[in-house]
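Hello,

Here is the structure I promised to pass on to you. Have a look at it first, and then read my notes below.

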Amino acid sequence: MQNKKLKKMILAALFAAINIAVSSVAFITNFVPFQHATNVVGAVFLGPTYNLAQAFISGTVRMFIFGRPFTAYTGAVFGAVLSAILYKKTKSLFAAGIGEVFGTGIIGALVSYYPMRYFFTYPGLSLDSEPIWFFMPMWIPASITGSILGIIIAKILLKANLFNKLV
């Protein structure tokens with residue numbers, strides 16, 4: 001049992017590292033599809049707890065090292081947990097993708113609004129005049145793109161039986 005937990009911790013750290021490396025060079029502001037892809041792959045191989053951990057680690061590094069705003073957390077953790085819960089219940093990659101899109105694109109976007117409105121500012125933009133769903137038009141396409149990519153990667157990894165002992 002301890003061995004399996006250790007393997008999942010190592011795999012979560014690996015996913016977080018890959019996510020940080022790729023997301024730091026391949027992103028458009030508020031469009032980070034590799035975070036979403038990592039969440040979907042993590043949903044399959046890590047489960048809710050360790051997938052939350054990798055998303056939290058990724059968000060922390062992106063915030064404190066790369067200067068990303070608070071949305072580095074809210075844009076990662078809700079989708080990571082919901083996609084893993086849905087995958088755990090259904091064993092469906094499609095369900096994991098839907099969980100990521102709903103968790104990040106809708107829940108994460110809505111939860112991000114008030115902290116970003118009151119604690120952060122965008123140059124030339126005040127969220128005071130923007131609707132609560134302000135982040136959704138940016139985050140839903142990113143989470144859809146990342147979920148599709150994550151489903152493809154998860155299918156390849158499942159077919160290759162690379163992480164069979166963890167699932």
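Helix α5 covers residues 77–90, 14 residues in all, where helices are DSSP runs of H or I with at least four residues, numbered from the N terminus. From first C-alpha to last, α5 reaches 20 Å, close to the 20 Å expected at 1.5 Å a residue (the expected span is 1.5 Å times one less than the number of residues). The buried residues of α5 are Val 77, Gly 79, Ala 80, Ser 83, Ala 84 and Tyr 87; buried means under 20% relative accessible area, with a 1.4 Å probe and protein chains only. Seen down the helix axis, these buried residues fall within an arc of 165°, so they line one face of α5 (the arc is that of the directions from the helix axis to the C-beta atoms). Their cover includes α2 (33–45), α3 (47–64), α4 (71–74), α6 (93–119) and α7 (136–160), judged by contact, that is, heavy atoms within 4.5 Å. After α5 comes Lys 91, with a positive phi near 60°.

A word on where this comes from: the model is predicted, so local features need pLDDT of at least 70 and side-chain atom pairs pLDDT 80 or more, while totals for chains, interfaces and linings use all residues. Residues are numbered from 1 along each chain as its sequence is written, and side-chain values use heavy atoms, without hydrogens and water.

Now the whole chain: the protein has 7 helices and 0 strands. Of its 167 residues, 45% count as buried. The C-alpha trace spans about 50 × 30 × 25 Å along its principal axes.

Best wishes

Conventions. Helix = DSSP H or I, 4+ residues; strand = E, 2+ residues; numbered from the N terminus. Buried < 20%, exposed > 50% of the residue type's maximum accessible area, 1.4 Å probe, protein only.
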